[in-house]
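Hello,

Here is the structure for you to look over. My notes on its charged side chains follow below.

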Amino acid sequence: MAIVISFINLKGGVGKTTTTVAVAEMLAGVFHRKVLVIDLDPQTNATLMLIGEERWEELNENHHTLAQLFLDALAPENPKFNLHKTLQYQVSNVKDLTSLDLLPSSLDIINVQDRLATIPAGRFYAASPINILRRGIRAMIEPYDYILIDCPPNLGIVTLNGLRISHGYIIPTIPDILSTYGIPQITKTIHEFSETIAEPIVPLGIVICKYNAGMTLHDRVIKDLRRYSKDARVFETQIPHKQQIAETVEFNQPDKFSTLRQKWGYAGQFEQYLNLAKEIRMGASKIIKHKQSHSS
């Protein structure tokens, strides 16, 4: 059974996409799991990190991105989305990492998302704007162990599509006031959405990203989060603010890196992302047990 986890924060620039990609690569490369990244963020950063700009432009020009899936919902009489041509296999610029796939995003999602509330209801009123992704990819999710979704920095319909198929969610954040301000809104809204669809969406935790050791503000915010965050725990692993992590967003060329350690850094960054992946695996195992107990 694929475990589906959304990564979300209402503020951009907090390390959301980098964390999504790093965890995906750890799960695929270290734990040898079959992993799919779904890029719902119209900024397309996860897509560019995993396949590069040249390949993305080719896919975008041929309508082989998730934007086309949402466009088809607006014009169902003339569907163009091709799941098999859109799904990109064996992505990443780490050599021999062969079990990581991608459903790419597009800037065109920006122009689509506000129109999704107006989609035709369909036969028996079965079409719903929050079920577009679920209906579009259900034929291919079974082979995966993990599906990680990079959500847009909002709680709009595109994000709800990601949450609709998610078993849990993670909130990456910089430990400062502006980046953590929206966390209560995220947990409250997802809880209400979960109750509305009658499906559990578990808050797996808050990930501290771009942490500056010894910075008073960061230390104080982390302390407050650990003490007062009631709806989502704070992961023990903290991702440091390092130049090499920032540089990983550049794809450059396939097989640029021989190992994940070379890509993410020798000064502790690789170990931090690996530890985070281990924590997430522990949280995912609880989701599996919860679902098994409810299905038996």
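Glu 192 is partly exposed, at 38% relative accessible area (buried is under 20%, exposed over 50%, partly exposed in between; 1.4 Å probe, protein chains only). Its side chain meets that of Lys 188 in a salt bridge, 2.8 Å from N to O (a side-chain nitrogen of Lys or Arg within 4 Å of a carboxyl oxygen of Asp or Glu). Lys 188 is exposed, at 52%. Both residues lie in helix H9 (residues 183-197), four residues apart, about one turn of the helix. Helices (H or I, at least four residues) and strands (E, at least two) are DSSP runs, numbered from the N terminus.

This is a predicted model: local features need pLDDT of at least 70, side-chain atom pairs count only at pLDDT 80 or more, and totals for chains, interfaces and linings use all residues. Residues are numbered from 1 along each chain as its sequence is written, and side-chain values use heavy atoms, with hydrogens and water left out.

The whole structure holds nine salt bridges. One of them pairs Lys 34 with Asp 101, at 3.2 Å from N to O. Lys 34 sits in the loop between H1 and strand E2 (35-39) and Asp 101 in strand E3 (residues 100-103), so the pair ties together parts 67 residues apart in sequence. Lys 34 is partly exposed, at 25%. Asp 101 is buried, at 0%.

Another joins Arg 261 and Glu 271, at 2.3 Å from N to O. Arg 261 is in helix H12 (residues 260-264) and Glu 271 in helix H13 (residues 269-295).

Best wishes
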